[in-house]
Amino acid sequence: MTTIDTNTTDAENTPPVDPNAVSITINGRTVAARKGELIIAAADRADEYIPRFCYHPRMSSVGMCRQCLVEVEGPRGPMMVVSCMTPVADGQIVRTDTPQVKRAHEGMIELLLANHPLDCPVCDKGGECPLQDQAFSHGAGESRFVEEKRHYEKPIPISDLVLLDRERCILCDRCTRFADEVAGDPLIIFTQRGNNTQVMTFPDEPFASYFSGNTVQICPVGALTATPYRFKARPWDLEQRESTCTSCSVGCRTVVQSSRDELLRFQGVDSDPVNWGWLCDRGRFNFQSTNSEDRLVTPQVKSGDSFTTVTWSEALDTVARTVRHARPGSVALIGGARGTNEDAFMWAKVADALGVTMRDAQLDDGLPASIYSYAQATIDSTCAGGTVIVVAPDLKEELPVLFLRLRDAAEKKRVRIIEVSSHQTGLTKYAWRSVQAEPGTSAAALAALLSESAVATQIQSGAVTIVAGRGNLAESANHVMAAVDAVIGAVPSATVLPALRRGNVRGALSVGLAPSDGNDTAAILEAAANGKVDCLILLGADPLSDVADADLARRGIAGAKFVVAVDTFLSPSAAHADIVLPAAAYGEKDGTTMNLEGRVTNVVQKITPRGTSRADWMIAAELLSVLGHDSSVSTLADVQRDMAKAIPGFGATTTAVAVKRDGVVVSVPVAAHSNVVTSAPPRNSYEFRLNVSRKLYDRAISTLTSPALENLAPGAQVLVNPLDLDRVGAPEGGNVRVSNNNSSLVLPVHSSPSVPRGVALVPFNQPGADIRELIRRSDSVVDVRIESI
Amino acid sequence: MSGGTWKHAPGFYEGDRPRIVTSRFEYEDSFTLERYLATDGYKGLRTALGRPATDVHDEVKNATVLGRGGAGFPAGNKWGLTPQGVWPRYLVVNGDESEPGTYKDRLLMERDPHQLIEGCLIASYAAGLSQCFLYIRGEMALAQERVAAALNEAYAAGYVGKNILGSKFSLDIVLHWGAGAYVVGEETALIESLEGNRGMPRLKPPYFPAAIGLYGQPTIVNNVETLANLPWLLQNGAPAYTAIGTATSPGTRMVAVSGHVNRPGVFEIINGTTTFRDLLYGDEFCQGIRNGNDLKAFVPGGGSAPWFTPDQLDLPFEASQVGPAGSMLGSGAIMVMDSTTDIPRAALTLTRFYAHESCGKCTPCREGGTWLERILSRVVDGKGTDADLDQLFEVGESICPGAFPHASNEKLGLAAVPFPYRMNTICFVGPSAYAPVHSALTLFRSEFEARITKRKLISVTAVGQ
């Protein structure tokens, strides 16, 4: 709030005069505003509430509901204007409290309620409904509408997640505007006209947007409801705490809402540097997995082929005994990127105490931690201007809200996006230049692009940011690093926004779970396969599902003598463990997390951990004491104190972030890498080069265990260019054999113009045949044959 | 030349007056290029191209050619509103004539399409516009056909296209067929429709498409009749033009009269001097009310204008006098109601039209228009209550706050409330739905009251005793 009362301006602290500053009067009070600002926004800052339905500060104004009418003094007396469309002007006199304005507000509420069913008692929105609230605060109290109201079929599903009740709709254009303007999925529109206007999808085309949940949140009435929350609670029964989503590494701010010790809903919170209030559907709805019946609730020990429940002390004793008897240097630790910084820090302490050198928070599916050694960008700095070079996965699939921010920056013409990928991504149509390079050739393609004169001119015109991530799991990470180096070589001032996707991967790598001396997950699994690992600790990690080289993962897990799985679910890897320790899930523990920019924010506990599960850091702390190490840690504050001391850059921020919505960006020094040399063998013309990319919905455990999301995965398939499909000779949707020297499997084939010729795009970790069988991490790229069967 | 002359062109009566835009209407083949050229066609264009564009612009400015679409904004001034140095800039011809009672542009397009095309060329040359879009209402099939045929002729003859008449001036005219929505007659909704979007008015500001219009470029939107004036103006000069009519409203104007008169039709009248009495009772115009009935009321400017009664018959057809008297000239359409008219039903008919044509974008129009229609139709059906009549005004207050314009009435002791009204809506469709209700209820309340059923409530306790 920056309401400035002119009478109390402190002359000594007066900043230099802002040329854009204007002063307006609202209801007799002087309010400072900026040129171009809307009256309603200025009034909001001045705590003068103007009722509204269609206005949303993160979307363009449309002035449709006409609820925000105010009086502005004009040359011909007071004029009624809509405050969401009228910019402020110096000396403007605005009144929101005259009888005329009051009459207009009451009239508009009455008109909006005329056809509203007033089924508030059975409406999910009742209690937090802008229409209900403002009908009380700005309405006349009763309606004189005695005609029959509009009738439509009660809720109709417009997607797998969202239902639409057109009777409740007040046609404010928020959802349709969001879909078009913010998400770029204009799949819902107004149909019909006049009094029959209604929001509708196109025939037989559902509102299948990854961001559909946001429309439910911004709906000012109960017209849009989401299946996971329908009829689950009344708003006044909900308790909430503000937290950070860790479904991916964007770190969107959320409120976590629960009732009766059960998570019921996540809502986006507007954090200016991060998510602007938006969430993706996976982040919004995968809270269901926390409530899942399949959660691990007790420690279990493998006996024979089945697990036996044991007590925590028995379990920790067993683990302690195993690591004590392990050969020196034969304990390994994989994972930690799903938890909090505190979890990762305490497990790093365990590793330190045991002299563990083999540790890695990634699963061979990201980039080397040295990606953090480049000059780092933030989301804001990336979207502020200049050129953004994207050598990353499809951001819409992996980091959806980062996609929204970049899309916005490109649509508003603040930045120009140059994209190098192996298929057309969600960002491609917003890119200034997009090159689809065959896997293994991205660095060369990028270098060629940079030598074009138009691109060179663009690069010189402003800041350059590289968004770097692992787009193709069938291609060595070195290709991405080489591409980054190519840009840095050309533009030394370029900054990097690392697009590694796992929730707290940056935090885990920063507080002590980064591999050293090349002992990364691949090396650990290789060592385990060769019998060199006596105890393998999996921290919420599932190598059998996530490591791209399936054979390596299988051999590694099988070769490890003793496997400890600390997890929320009995994942495929945990099922192979000798002992399973139940961990508290998201929403069940306090702590901090670090997003892809290095921004540290807090995550909060809202409900009691299921069963006897507990936070990872507690498990680690207890294991330390069982092992006879005095960890001097008994509370989260103790962990944070130790972390602030031990991790350079964390300083005093960790406790400060707990109360700040936007968090603090910290910089933890990371060793730089030496330049990598990459090469890719030429592709035989009868083969396809494999591009294995993630989709938003896959067999990730949190998606699988969320009933709303579990069926949204597109399924295993192979996508080729339409011309290539002709060459393969298989019908659209028909089965083909995909094979190379490693293995062979059968997948349905589809044509997609977004895939370049000679490339086979296969979504990763989907239900169906597992493409990972064909991938060997020793290969720089993977070529396959596709044959019709 | 194939065609003879019409004795009376259908729907149009020429009379013995100066004619600017309807001079060719008497010919049966008035829509052909042959006839057009034989009657001084494209001479105005030649004159224009022979002079600097700024000269032509000044000529139009000096003639004060008022916009004939309804708002009456001088065309020359409108052209001057385009920002300098922004290219391309467009001319959009508003041929989406859909105001109830209005059918003057339809005749201009059906019977003299070349005159319109020449007007487009002159306007584009004068205002430096690079392309022209001719938007014709979807229902006007004949106008579509005729304009399309004329455009083909004009292209073939070199009047439209590259280097027109050997000059450096080039212009393409694109014909666009509307899909039939009243609100698209509103210029910003027309632009939206032309762009391929839902025909919904754009939000103001920006107030004028001259700054940001079609495809975000400077755009001049002119009415068909406005442009049809230009060929004559360029041939005869501004002084000849201003010699006709009054100083504030020079030239002539096409008026469409419908309803209970002996001879309904379109008339080209002298701007500003002709009174409504002349028009309705004059021998060269409508020749009186049908069957010798008394005049009850008339709508002076299209269905959305507040109504007049015989009290206002002596007002001239002049915006500066009709406005203070409580109505508007709008699109030049007069609807006449004689003494046999069922006023509540007439109001319902008009209100139903506007409620149906609401685009649904803003609340007062979408909900208020339909609400008005519902109440009114109940009253007309004899199922209304006393409270309903007051409620009509209450709903109107939410659409148009404050006093709504209406005519004075001696019998009722009413003083006029001058035009314009204030509105809570984005465009004029919402107020248009209210205007007939308000006029009818203010001027003829007794007719509504007569419709109210005075039923006695049956006492429930009496049953069974």
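These are my notebook entries on a predicted model with a chain A and a chain B.

**Entry 1: chain A as a whole**

I started with the big picture. I looked up the secondary structure of chain A and got 24 helices and 34 strands. Next came the radius of gyration, which is 28 Å for chain A. The globule rule gives 28 Å for 789 residues, so chain A is as compact as a globular protein of that length. I also checked the spans along the principal axes, and the C-alpha trace of chain A covers about 85 × 65 × 60 Å.

How much of chain A is buried? I found that 56% of its 789 residues count as buried. Then I looked at contacts in chain A with a separation of 6 or more, and 72% of them come from residues 24 or more positions apart.

**Entry 2: domains of chain A**

Domain 1 covers 6-97, domain 2 covers 156-289 and domain 5 covers 688-788. Two others come in two pieces: domain 3 is 300-366 + 505-665, and domain 4 is 385-403 + 412-495.

Across the boundary, twelve residues of domain 2 of chain A are in contact with ten residues of domain 5 of chain A. I sorted the domain 2 side by class and got five nonpolar, five polar and two charged residues.

**Entry 3**

Then I went to strands β6, β7 and β10 of chain A. These three form an open sheet in the order β6-β7-β10, with antiparallel pairing. Which strands sit at the edges? They are β6 (156-157) and β10 (224-226) of chain A, as each pairs on one side only. I zoomed in on β6(A) and found two bridges joining it to β7 (residues 162-164) of chain A. In that pair, P157(A) stands opposite L163(A) in β7(A).

A reminder to myself: strands of a sheet pair through backbone hydrogen bonds, either parallel or antiparallel.

On one hand, β16 (residues 331-335) of chain A pairs with β23(A) in the parallel sense over five bridges. There, V331(A) stands opposite C535(A). On the other hand, five bridges join β23(A) to β24 (residues 562-567) of chain A, again running parallel. Here L538(A) stands opposite A565(A) in β24(A).

Next I asked about burial. Five of the five residues of β23(A) are buried. Which residues of β23(A) point which way? C535(A), I537(A) and L539(A) point one way, while L536(A) and L538(A) point the other way. That goes with a rule I noted down: in a regular strand the side chains alternate between the two faces of the sheet.

**Entry 3: helix α12(A)**

Which residues of α12 (residues 442-450) of chain A are buried? I listed S442(A), A443(A), L446(A) and L449(A). I then looked down the axis of α12(A): these buried residues fall within an arc of 125°, so they line one face of the helix.

**Entry 4: R470(A)**

I got curious about an arginine, R470(A), in the loop between β21 (464-468) and α14 of chain A. Buried or exposed? R470(A) has 26 C-beta neighbours inside 10 Å. The cut-off is 20 or more, so R470(A) counts as buried.

I also looked up what R470(A) touches. Leaving out residues up to four places away in sequence, I got D365(A), G366(A), L367(A), P393(A), A477(A) and V480(A). D365(A) is 105 residues from R470(A) along the chain, yet their C-alpha atoms are separated by 7.0 Å.

**Entry 5: chain B, and where the chains meet**

Chain B is assigned domain 1 (33-242), domain 2 (251-340) and domain 3 (342-465). The C-alpha centres of domains 2 and 3 of chain B are 24 Å apart. Between them, 17 residues of domain 2 of chain B are in contact with 20 residues of domain 3 of chain B. The domain 2 side has nine nonpolar, seven polar and one charged.

Last, I checked the contact between the chains: 27 residues of chain A are in contact with 26 residues of chain B. Which helix gives the most to the chain A side? It is α2 (residues 99-114) of chain A, with nine residues. By class, the chain A side has 14 nonpolar, seven polar and six charged residues.

Terms used: Residues numbered from 1 in each chain as written. Chains lettered and ligands numbered in written order. Predicted model: local features only at pLDDT ≥ 70, side-chain atom pairs only at ≥ 80, totals over all residues. Buried ≥ 20, exposed ≤ 12 C-beta atoms within 10 Å, placed from the backbone. Helix = DSSP H or I, 4+ residues; strand = E, 2+ residues; numbered from the N terminus. Arc of directions from axis to C-beta. Contact = placed C-beta atoms within 7 Å. Nonpolar A, V, L, I, M, F, W, Y, C, P; charged D, E, K, R; others polar. Domains from an automatic or database assignment. Rg over C-alpha atoms; globule rule 2.2 N^0.38 Å. Pairing = 2+ DSSP bridges.
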